[in-house]
Amino acid sequence: MTLSVPLPAAQAAPAEAPNRIFQGRDLFGLQYAADPQIRPDGSAVAYSRRSFDIMTDRGRSSIWLIDTDSGQQTPLVTGAGSHSSPRWSPKGDRLAYVSTAEDGRPQLFVRWMQNGQAAKLAELLDAPESLTWSPDGKWIAFTMFAPDSKQPLGEAPPKPENAQWAPPLEVITDIVYRTDSSGYLKPGYTHVYVIAADGGAPRQLTFGAFDESGPLSWAPDGSYIVASGNRNENWRREPVNSELYRISIADGAITPLTTRNGPDTNARVSPNGKHIAYLSFDDKFMGYQNLELYVMNADGSDARSLTASLDRSVDRVEWAPDGRSLYIQYDDQAVTKVARVTLNGRVTPVAEGLSGSALDRPYTGGEFTVANDGTIAFTSGTGARPSDISIARGGRTKQLTALNEGLLGGKTLGEVRALEVKSSFDQRDIDAWLVLPPNFDRNKKYPLILEIHGGPFAAYGPVFSTDNQLYAAAGYVVLYTNPRGSTSYGDEFANLIHHKYPGNDYDDLISCVDAAIAQGFVDPNNLFVTGGSGGGVLTAWIVGKTNRFKAAATQKPVINWASTVLTTDIATFMPKYWFDKMPWEDPDAYWSRSPLSLVGSVKTPTLVVVGDQDFRTPLSDSEQYYQALQLAGVPTGLVKVPGASHGGFTARPSQSAAKASAILAWFERYKSKPASGSQPAP
């Protein structure tokens with residue numbers, strides 16, 4: 001028999017010692033803030049607090065309240081189910097929200113703040129979205145999916161009683177019949193509804209074989225709502241074109257306010273009802289086009305852009321309470337900002353450092369709202385922390401939450417450090433960052449992972465990323481960049497890849513790798529590359545162009561543009577905006593830009609990773625690449641993430657951690673020992 005005797009406390013290993021480095025299990029402990037809604041009087045912020053359940057391996061959302069003076073937090077709607085979309089009534093005495101607490105179906109609730117009582121307003125058949133209170137607080141408008149019947153195509157013979165027959169045929173006739181977020185679509189359309197704020201049956205305002213979308217905006221007198229949609233005959237084939245419509249509350253009469261060829265969206269009626277602000281551009285069928293802030297008269301006349309000279313795309317807009325200016329959100333050189341815009345077009349930043357909801361990779365983003373006293377509530381983050389809640393008031397910014405201090409305060413994370421780069425192609429400045437391994441020692445040599453963003457029209461920033469932290473914790477320097485085509489640097493920079501992606505991104509990315517090596521602590525004999533979506537495209541493109549990398553992992557890539565266009569859920573968009581012609585009209589253009597065309601030159605061991613429910617860059621493309629690499633004798637593997645869509649690739653923490661672990665294991669398989677010339681730097 002062995003007797004176990006505990007060591008004295010002085011000799012025991014510290015409990016936290018094995019866990020000071022960020023690891024896969026920590027993904028379950030992360031939390032982040034989203035959807036900050038500041039009370040009209042500026043005294044409090046209601047927000048969605050997102051966390052993860054280790055037993056169900058899924059995210060969940062609760063609603064919390066923060067006092068803006070003291071920072072004190074109060075749980076408002078927690079417990080079983082998911083609770084989201086908090087929206088204040090005009091007086092701030094009630095809070096509308098969506099909850100799945102009762103039976104798992106999203107339902108609309110209102111909470112009376114004085115006594116804490118809450119009530120479900122109605123039994124809704126589908127999830128309500130774009131909740132918006134009427135100015136008098138008596139009504140709530142929202143959008144909701146309305147099922148519709150399909151016309152049959154033929155019929156089966158009569159079925160005998162109790163017979164066990166196969167399921168009926170599925171008939172598909174729409175050009176968009178599935179989406180990455182929803183899978184195969186049910187027949188029906190999304191319409192606008194209103195419901196009394198104290199409960200009752202919802203009233204449908206819009207009808208027909210068209211979709212409407214939010215955000216919704218009420219007229220100050222409550223007589224109409226403005227929504228976005230496309231009620232043109234050919235709307236199914238016009239993915240970018242949308243108009244603004246005035247919808248009468250009294251009788252549902254619909255009046256078009258815009259006729260532009262291009263998107264008209266995010267309408268906001270001014271506080272005095274005389275103007276409507278919205279986001280738009282004239283569609284020139286470019287790969288990328290800046291959304292500009294427009295203001296027009298309430299009847300749709302005299303539309304003018306306020307941000308034409310900004311050369312940045314506007315993501316959100318809100319009127320200032322006095323109606324004399326507006327607040328906008330936009331990305332500027334990889335930093336997300338909120339700015340005040342006067343009616344003569346003067347732009348003044350008032351907050352920056354916003355952070356979004358993407359945890360796995362460091363994409364730009366964020367959300368904000370404005371109180372009647374001008375206080376701005378927004379989501380903020382850093383390279384070391386996911387999104388928290390901050391406010392900007394009186395020229396000062398104050399962070400109100402620190403949701404991850406309990407988890408990350410005791411961790412040694414990888415430092416995010418900016419890297420200056422000029423492209424070897426044309427000497428343009430390229431933004432790049434390094435994530436250094438924990439306990440970094442610049443006198444050592446480290447292997448490097450080049451991690452490439454997707455989009456391709458998107459941007460990384462100096463914000464938190466679980467993938468990059470896991471890679472750094474495994475001893476790698478992680479390099480991430482914004483090559484040409486990235487957003488937040490202006491229209492011209494983004495469109496350098498118009499009708500030629502992937503192109504000179506390769507030069508930008510390799511220039512970033514060379515700049516990282518020049519720092520002196522990267523081992524040039526241990527270079528690795530990965531990226532997802534557009535980053536998967538560029539990963540496969542890179543290994544077809546060079547053998548510098550020891551191994552690669554292409555995640556959810558486009559491999560064959562012709563097959564992708566014919567299977568993606570954005571088939572109406574991709575050939576129209578990213579190519580000049582259809583695949584059968586110009587097959588050479590599609591082939592010359594497809595990484596599949598370079599397989600004969602690939603020598604780099606390349607892992608292929610994809611969600612098996614990906615309808616954006618479908619599974620079939622990844623399988624083509626895997627099969628091609630196998631036939632070419634290139635070491636490869638295929639990793640499928642069960643149940644994962646393109647956008648939900650890392651939604652479940654276990655899969656996100658396992659995916660990063662699989663990529664690291666692949667890289668470790670091919671990592672070599674430091675060469676004799678790779679001694680510690682002086």
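**Close-up views of a predicted model**

**View 1. Helix α2 (residues 466-473) packs with helix α10 (residues 653-670) at an angle of about 40°, their axes lying 10 Å apart.** Because of that angle, α2 is oblique to α10 (oblique is what remains after under 35 degrees, roughly parallel; over 145, roughly antiparallel; and 65 to 115, roughly perpendicular). Axes here are lines fitted to C-alpha atoms over the stretch in contact, and angles run from 0 to 180 degrees between N-to-C directions. Helices (H or I, at least four residues) and strands (E, at least two) are DSSP runs, numbered from the N terminus. On the α2 side, T466, D467, L470 and Y471 meet S656, K659, A660, I663 and L664 of α10 (contact means heavy atoms within 4.5 Å).

This is a predicted model: local features need pLDDT of at least 70, side-chain atom pairs count only at pLDDT 80 or more, and totals for chains, interfaces and linings use all residues. Residues are numbered from 1 along each chain as its sequence is written, and side-chain values use heavy atoms, leaving out hydrogens and water.

**View 2. Four strands form an open sheet in the order β9-β10-β13-β14, with antiparallel pairing.** Strands pair if DSSP finds at least two bridges between them. At the edges, β9 (129-133) and β14 (203-204) each pair on one side only. Strands β10 (residues 139-147) and β13 (residues 188-196) are joined by 9 bridges, and M144 stands opposite H191 in β13.

**View 3. Here is V543, a residue of helix α5 (residues 534-545).** V543 counts as buried because its relative accessibility is 1% (buried means under 20% relative accessible area, with a 1.4 Å probe and protein chains only). Beyond residues up to four places away in sequence, V543 touches several others, among them V529, A552 and Y625. Its C-alpha atom is separated by 8.5 Å from that of L598, 55 residues apart along the chain.

Technical notes: Buried < 20%, exposed > 50% of the residue type's maximum accessible area, 1.4 Å probe, protein only.
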